[in-house]
Amino acid sequence: MTTARPVLATPLRDVPFYTPARNECALFELAWRRKLPLLLKGPTGCGKTRFVAHMAARLGLPLHTVSCHDDLTAADLTGRYLLKGGDTVWTDGPLTRAVREGGICYLDEVVEARKDVAVVLHPLTDDRRVLPLERTGELLEAPDGFMLVVSYNPGYQSLLKTLKPSTRQRFVALEFGFLPPEQEIAVVAAESGLPAGRVAPLVTLAGRLRALKGQDLEEGVSTRLVVYCASLIAAGMPVREAVLSTMIEPLTDEPEVKAALVEVAGAVVV
Ligand SMILES: Nc1ncnc2c1ncn2[C@@H]1O[C@H](COP(=O)(O)OP(=O)(O)OP(=O)(O)O)[C@@H](O)[C@H]1O
Ligand SMILES: [Mg+2]
């Protein structure tokens, strides 16, 4: 991947700030060029959505984002006939719009969607690259600039909520984790405005709390929460209060677990 050309010789304005952990930007661009769909997996708040927004802007592509939920059906993605002034009119769903217009279609938390969604994703994510619209009889061919990106968090799924092998094996996959401390400090400082020297202990604390995942905690503290914490401190909140309300309270409802987290925090930052 190190031989991949940079996407752009000069940086564009209005590109959402994103610090890469590894080769993900080059991989994304190559997948887009080769018309391959991409699957991103990783814990909450580690930068998946920001990465997609960043790459869409870098490549100059429109971004169509759909947040999937457990009621989302194939028809919600493709479209349906709706009553308009006494007539029934076909109305494209977000996936159909993305295929017609080109650009990136990003299905966030794709494992939440109903099983019938796989039926529309399969022909779009293999070498056919088509979207059949049964109700209108159309067979839409995805344009060259179209790319499907899906993401999910493997952490909090039940066994029932995983992608079938026949679905997941249609994607190039990229695993996201938290950034190494030096980079995470730089990201949090840039996002919050708090100087790096004051962010460093928060990132150390985040590392300690992440180590408790699986024992006391379902999920480790996200970069998003560290950014919240640093933002509140930058706005004048005392460190102890900011840490409690952003890096401890959102993680647990159990009094004993909370007490243990407060103790860890006390040893690191306050
Ligand atoms: N590599 C990074 N570069 C820049 N900002 C980052 C990075 N990683 C995390 N962030 C910060 O963390 C916040 C959360 O990231 P994002 O919303 O992309 O997480 P996510 O992985 O999509 O989480 P979820 O699974 O909950 O949707 C961002 O708003 C940004 O402030
Ligand atoms: Mg997200």
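The protein chain is assigned two domains, domain 1 (24-175) and domain 2 (181-268), with bounds taken from an automatic or database domain assignment. This is a predicted model, where local features need pLDDT of at least 70 and side-chain atom pairs count only at pLDDT 80 or more, while totals for chains, interfaces and linings use all residues. Residues are numbered from 1 along each chain as its sequence is written, and chains are lettered from A and ligands numbered from 1 in the order in which they are written.

The C-alpha centres of the two domains lie 33 Å apart. At their contact, 7 residues of domain 1 meet 7 residues of domain 2; contact means C-beta atoms, placed from the backbone, within 7 Å.

Now the ligand. Both domains give residues to the shell around ligand 1, so ligand 1 lies between them. There are 18 residues around it, and Thr 44, Gly 47, Lys 48, Thr 49 and Arg 50 come nearest; the criterion is a C-beta atom, placed from the backbone, within 6 Å. Helix H2 (48-59), H7 and H9 each supply at least two shell residues. Helices here are DSSP runs of H or I, at least four residues, numbered from the N terminus.

Last, H7 (residues 181-192) and H9 (residues 223-234): they pack at about 50 degrees, axes 9 Å apart. Axes are lines fitted to C-alpha atoms over the stretch in contact, and angles run from 0 to 180 degrees between N-to-C directions. Among the contact residues are Val 187 and Val 188 of H7 and Val 226 and Val 227 of H9.

How values were computed:
Contact = placed C-beta atoms within 7 Å.
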